Amino acid sequence: MAKKSPSLEPLRFRQIHLDFHTHGSIPGIGSKFDAKHWQKTLQLGHVDSVTLFGRCHHGWCYYPTKIGDVHPNLDFDLLGAQIEASKAIGVNTPVYITVGWDELYAYAHPEHLISNPEDRMDPDRVAWKRIGFWPEYIDFVIAITEEIIKNYDTEGIFYDIVGLYDDTSLFAQTAMRAAGMDPENIVDRDAFCRAARLEYFKRTGDAIKKIDPNVRVFHNAGHVPKGDREFLNYASHLELESLPTGGWGYDHFPLSAKYTATQKGVEVMGMTGKFHTSWGEFGGFKHPNALRYECAAMLAYGTRCSVGDQLHPNGEINTDTYKLIGAAYAEVEAKEAWCVDTEPVHEIGLLSCESLPGLVEAGDHFGGRSQTGDVGASRVLLERQIPFDVLDTEANFEDYKIIILADNARLDAPLVKRLKAYLKNGGKLVLSGDSGMKKGCNEYVFDGIGTVHPAPDFDMEYFQARPALRKLDTEKRLVASPFVVFGGSHRVKPAKGATILADIVEPYFKRTLEHFCSHQHTPDAKKSGYPAAFINAAGNIAVFPPHIFNQYRERASIQYRDLIVLVLEQLLGQPFSIRTSLGSSGRVSLMQQKRERRYVLHLLYATPVKRADNIMPKWGKEYVEVIEDIPVLPNVDVSVTVEKKVKRVLLAPSGEELPFTTEGDTVSFTVPELDCHQMIELKY
């Protein structure tokens, strides 16, 4: 990971990403831009940085260019005027340049268009033209970049749409054959595209450093891929595009932020949007409480904040939008001092399946943004307020008491070697589904787990927790009866000495046209003789033979979640370090500010509600998750176990001191009121 240069100014906390994609037929571009109104509105929004557009997806430039094409209905230097007005009030001005989608260039150079194997067109998105990373196009992007950096006072360049796309265009086929590669082989196509993107990374980075080494650069692909060090190494910082209502959902950002927090020395910015749905929505406004919560979550998970907006073609910045943003950013401004140079405090590492070699097939470069097992595991941990990080294969495993491999983590030899060393040094693993098995066969790579036997063809079955496990359930949430689970499970005969914690109970038969019972599925009939959860004799590996984390993602059964948590506690051998009276909608994050000699505990509470059927199928969502009502919670009880001896407990930023008790390493106190987000400073 590229380290932050001392000459780079630290990232600002309250940024705006100001989209400005305007068709060439729209008249009066920038005609209502007014510097004083611009300044007043940014100040209303408590904004300290705004990403402005040099060149948009339509291919137009918004300044006098000798390289590209100025929008035909722009008659002055809009970019320059925006920068001048912003600088006058102390607002930074990074500049946006399109890369992957480029309408003008596509018509001028159709040979550089990407054509994927299915030649799909998305009429809902009006099919932006995708350009490949061809040398001539990189030359053009660099020339635009040089022109902007030389002529304008900018802190950074934001390149957009730099993902990897499977390309079978005639141009790509010819180039691949010339390189000795097979264009019909998806692995070769993947390697060819990655090599082209790497050349783009190197050349644009070198060009920017040559002009001004103090200019930041970020290459946006809509998702920071876990484990893709090639992607990570060519950014001065990271920006996590994650609009909850725009197709990413509320699961995506915590997974991304908890991954990027492990990249030491790198500054990270979260990015949401002011829109009710997603980018390009003129006249869309989310509820202020949603933006308050989303910005608070960015602070809680250790990132700066960015809110996406879209400027009207006439250049007039919208007052209502910045009233909305200002309600959230006023709170961020008051909290910044507790959110600088923080490190997460953790117990569990979730080894992301997205980062595992060979799991994400060539051509599927985003892995669905997050692997399904990873999403299910993160939901379990977030809902039960268990501190965790998201890891890739290069992480320092020894920092974690437990590492979870969720559902799909079949392992290669180098990773097996590292995990065996981790176990030898006292670490513990959780394996579910196929995780921990060799590639290509159902056999565990670790000794002392057991043998896998053929499973019957059931599409559902039942799990039943054993009495010894239910005795640990102080909340009495786990039922004694068998509870239904869908999707089937491996049949594992544990090695001698294992502790069985739950059993698989089989139905009478699989539901078919001939054999069915009642409305859904067949009742439980008999125990299978195989476990649904067990811990090996050594006490350092917990195994769930089913794909239980994805089952929780798909079904949200509380029984699945509570079974997982009880097994985790049994494996850990002690209670988790954070315990609160918040319900499952509460989120908790513990950060440490070593320079200030304090821990900062973040409590978050909001309840996203699914609404608006079939509103966003083009973005992969048939609904929008809306945050509107945030109840104010009184008297939230908290206990935190930390390494340092805590001397004072204070609410931040108010400074109100809270009474607390100490028992060993555990500090307990009550937060009088939680309204969306509350920070608690534990001074040591």
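1. Which side chain makes a polar contact with the side chain of histidine 677? The partner is lysine 335, at 2.8 Å. A polar contact here is a pair of N or O atoms within 3.5 Å; within protein, one must be able to donate a hydrogen and the other to accept it, and residues adjacent in sequence count only if both atoms are side-chain atoms.

2. This is a predicted model, in which local features need pLDDT of at least 70 and side-chain atom pairs count only at pLDDT 80 or more, while totals for chains, interfaces and linings use all residues. Residues are numbered from 1 along each chain as its sequence is written, and side-chain values use heavy atoms, with hydrogens and water left out.

3. Histidine 677 lies in strand E32 (residues 677-683). Helices (H or I, at least four residues) and strands (E, at least two) are DSSP runs, numbered from the N terminus. With a relative accessible area of 6%, histidine 677 is buried. Buried means under 20% relative accessible area, exposed over 50%, and partly exposed in between (1.4 Å probe, protein chains only). Apart from neighbours within four places in sequence, histidine 677 is in contact (heavy atoms within 4.5 Å) with Ala296, Lys335, His602, Leu603 and Leu604.

4. How many disulfides are there? The count is zero, a disulfide being a pair of cysteine sulfur atoms within 2.5 Å. For cysteine 56, the nearest cysteine sulfur belongs to cysteine 61 and is 8.3 Å away. The sulfur of cysteine 305 has its closest cysteine sulfur in cysteine 295, and the 4.7 Å between them is too far for a bond. Cysteine 56 is buried, at 0% relative accessibility; cysteine 305 is also buried, at 0%.

5. Helix H6 (residues 186-211) has 26 residues. From first C-alpha to last, H6 reaches 38 Å, close to the expected 38 Å; the expected span is 1.5 Å times one less than the number of residues. At the start of H6, a side-chain oxygen of asparagine 185 comes within 2.8 Å of the backbone nitrogen of valine 187.

6. The buried residues of H6 include Arg189, Asp190, Phe192 and Cys193. Against which elements do the buried residues of H6 pack? They pack against helix H4 (135-151), strand E6 (156-160), helix H5 (170-178), strand E7 (216-220) and helix H7 (229-232).
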